[in-house]
Amino acid sequence: MIQRIGKWLQLLLASGLDVVYPPLCLLCDQLLAPDERLVCRPCFAHLPLRVDGDVAAAACRLRLNHPPHFERCLALYAYDPQVQKLVHFFKYRGGRALARPFGEALGAALTASDCGVNALIPVPLHRSRLRDRGYNQSELLAREVGRCCGVPVWGDVLVRKKATLPQARMDRRQRLGNLRDAFVVKAPERLSGVRVALVDDVLTTGHTLDECARVLLDTRAAAVITLTIARVE
Ligand SMILES: [Zn+2]
């Protein structure tokens, strides 16, 4: 009974807040339909879709000094200001609801790509970061992709054991030092011969995803591809 009253109060409060702060699309400020969350369908449909899995083209833009350890990198969108805004909301401002549309779009791209992956592994957060943020956006994304494609999510196989620093302003040498020994594989025997899709929000310099791929290949994964919402040019 108390639980039911609590739920009722919660709904009343939510509807009251919707009257005071009606849910608007993050991109166009139009009122959202009852089944839309954070972004309206037309805005989402008009994001600059550019599924691109060409690792050679990507590699020349990545700031690695060796060929990437991943076989392909599937990225859905160009990192334009609208995509950037949504990803920022998804990652830093509690926009978990964006996992579903992004995950469904990524799932469709993965199916169409014919990459033949056996497992989805989200790029892990360090436990201190996970505690602060309350969720790992890559894991939410991977779960939606998995739901769409019927590929299992192995969220506990790759662990970030070192709390790495933000890398945006680091040079290549600093990045490599920052990532050294950052990731470890639990139950490596599970990875033998497995084709893995590493899931993350954005492919930027490629150092983090490359390091994850290297660690997974070291434990005899057959191949690693990356799956991200966007790729920075
Ligand atoms: Zn909109």
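Q: Which atoms coordinate the zinc ion?
A: In this predicted model, the zinc ion is held by C25 (SG), C28 (SG), C40 (SG) and C43 (SG), at 2.3 Å. Donors are N, O and S atoms within 2.8 Å of the metal (3.2 Å for Na, K and Ca), and because water is not among the atoms, sites may look incomplete. Residues are numbered from 1 along each chain as its sequence is written. Local features need pLDDT of at least 70, side-chain atom pairs count only at pLDDT 80 or more, and totals for chains, interfaces and linings use all residues, while side-chain values use heavy atoms, with hydrogens and water left out.

Q: Why is the arrangement around the zinc ion called tetrahedral?
A: Four donors count as tetrahedral if all angles lie between 85 and 135 degrees. The four donor atoms here subtend angles of 103 to 115 degrees, so the arrangement is tetrahedral.

Q: What makes C25 count as buried?
A: Buried means under 20% relative accessible area, exposed over 50%, and partly exposed in between (1.4 Å probe, protein chains only). C25 has a relative accessibility of 1%, and therefore counts as buried. C40, at 8%, is buried as well.

Q: How do you know whether D114 is buried or exposed?
A: The relative accessible area of D114 is 69%, so D114 is exposed. D114 has a positive phi of about 60 degrees although it is not a glycine.

Key. Tetrahedral: all angles 85-135°; square planar, octahedral: opposite > 155°, others 65-115°.
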